[in-house]
Amino acid sequence: MQNFYTIILKMKTIDVIIPVYNGLPYVQRTLDSVIKQSYRPNKIIVVNDGSTDKTAEEIEKIIKQNPQVDIELLNKKNGGHSSATNYGIKHSKAEYIALVDADDLWHPNKLEKQISVFNRSTDPKLGVVYCDFASIDTEDQFFDFPTFKLDTNAKGNIYHALLKRGNLVAGSNSAVLVKREVFNQFPHFDEKLRCGEDWEMWICMAQKYHFDFYPEKLTFIRRHPNALSNENMLHTHSNIYILHKWKKQVREVVGLNGMINHLSNAPVGNLKKLLLDEKYQYLIKELEDIFPMSSGKLLVGIALAYKAIRKVFRNVTMSQE
């Protein structure tokens, strides 16, 4: 009996934060996947970001149906995904914080397996553990979705890698488990960003803390027509905004060639818009502010050419296989 209580007392506390805006179609499924975790969270904090549908009523109903689980509903004015996440972090108290978007799902052992990495680690700088992910559709069915190639070696000190190669943290916000002390130092996702705020936060955290990776698909990212990920130009805007925000580090760590490589990852249509549409001249000016001796449009043109060369090389390689 003494050993049993010792184990219980040594269990780390975890708060789960779920920002939600008009999440009625999926939030019940998301909450269900969190409630059923084998490693029960200390508290589930749902931040209703000014929803105009019946999201709040649905969550209240779920709370009543699950009295054995500590679920707290916080209502606030609409301020965006990052604003809601920050609000939840501010109201959390546990030793660890897990984030999950209100349309994603978790494997039942997600938290248990991630906390085991922290428990086994001897790295005093370990602050974030993330996991692999899979894509699901609106009916929770798995399907192949084009995304970046997962680098299972992206762990330890990944500060330079994040700057040079982009967001290497698979599954984004929904896939991380973070020590509270990390969020104590970096408590705010950038509320000006509508996407890419996770990448920018990981760069912040990686300045002082190390990352580790659990090599299993424990997070399921929902892809649907209303997802922000479908707004391609929004991604390009966010990437350039982040590169500009970190321009000193981009100059020192990434360099001119590295930034061209970043730009070449944007869709061809977006690069053409940067070149031809005056509406995006402000982004060209941000590129020129990062490397003042360079022409922003020339950088975009080189990125476009580099993208075309890569495509030709890839096609030639595939034809030879």
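Rings of Phe, Tyr and Trp (its six-membered ring) count as a pair if their centres lie within 6.5 Å, with planes under 30 degrees apart called stacked, over 60 edge-to-face and the rest tilted. By that rule the structure holds five aromatic pairs. This is a predicted model, in which local features need pLDDT of at least 70 and side-chain atom pairs count only at pLDDT 80 or more, while totals for chains, interfaces and linings use all residues. Residues are numbered from 1 along each chain as its sequence is written, and side-chain values use heavy atoms, with hydrogens and water left out.

**Aromatic pairs**

- The rings of F142 and F220 have their centres 5.4 Å apart and their planes at 75°, so this pair is edge-to-face.
- F142 lies in the loop between β6 (126-136) and α6 (159-165) and F220 in strand β8 (residues 210-222), so the pair ties together parts that are 78 residues apart in sequence.
- Helices (H or I, at least four residues) and strands (E, at least two) are DSSP runs, numbered from the N terminus.
- F142 is exposed, at a relative accessible area of 56%, whereas F220 is buried, at 13%.
- Buried means under 20% relative accessible area, exposed over 50%, and partly exposed in between (1.4 Å probe, protein chains only).
- F183, F189 and W202 are linked by ring pairs into a cluster.

**Overall fold**

- The protein chain has 13 helices and eight strands.
- Its radius of gyration is 21 Å, close to the 20 Å that the globule rule gives for 321 residues, so the protein chain is as compact as a globular protein of that length.
- The radius of gyration is taken over C-alpha atoms, and the globule rule is 2.2 Å times the number of residues to the power 0.38.
- Taken along the principal axes, the C-alpha atoms of the protein chain fill a box of roughly 70 × 45 × 45 Å.
- Of the 321 residues, 50% count as buried.
- Among contacts in the protein chain with a separation of 6 or more, 80% are between residues 24 or more positions apart; contact means heavy atoms within 4.5 Å.
- The accessible surface of the protein chain comes to about 16,300 Å², and carbon and sulfur atoms hold 53% of it.
- Accessible areas come from the Shrake-Rupley method with a 1.4 Å probe, and for residues only the protein chains shown count as cover.

**The sheet**

- Eight strands form an open sheet of mixed pairing, in the order β3-β2-β1-β4-β7-β6-β8-β5.
- β3 and β5 stand at the edges with a single partner strand each, so one side of each is left without a neighbour in the sheet.
- Two strands pair if DSSP finds at least two bridges between them.
- Strand β1 (residues 14-20) pairs with β2 in the parallel sense over six bridges, and D15 stands opposite K43 in β2.
- β2 and strand β3 (residues 71-76) also run parallel, joined by six bridges, with D49 opposite K76 in β3.
- β4 and β7 run antiparallel and are joined by three bridges; the bridge partner of Y96 is K179 in β7.
- Six of the seven residues of strand β2 (residues 43-49) are buried, so β2 is largely enclosed by the rest of the structure.

**Helices and crossovers**

- β1, helix α2 (residues 27-35) and β2 make a right-handed β-α-β unit.
- β2, helix α3 (residues 55-65) and β3 make a right-handed unit of this kind.
- A crossover is right-handed if, with the strands pointing away from the viewer, the path from the first strand over the helix to the second runs clockwise.
- T30 is placed in helix α2 and is buried at 0% relative accessibility.
- Leaving aside neighbours within four places in sequence, T30 is in contact with I18, V100, D101, A102, D103, D104 and L105.
- Eight of the eleven residues of helix α5 (residues 110-120) are buried, so α5 is largely enclosed by the rest of the structure.
- The buried residues of α5 include L111, I115, V117 and F118, and their cover includes β1, β4 (96-99), β5 (105-106), β6, β7 and β8.

**Backbone exceptions**

- Most residues other than glycine have a negative phi.
- N22 is not a glycine but has a positive phi of about 45°; N22 sits in the loop between β1 and α2 and is partly exposed at 26% relative accessibility.
- S172, likewise not a glycine, has a positive phi of about 60°; S172 is in the loop between α6 and β7 (176-179) and is partly exposed at 24% relative accessibility.
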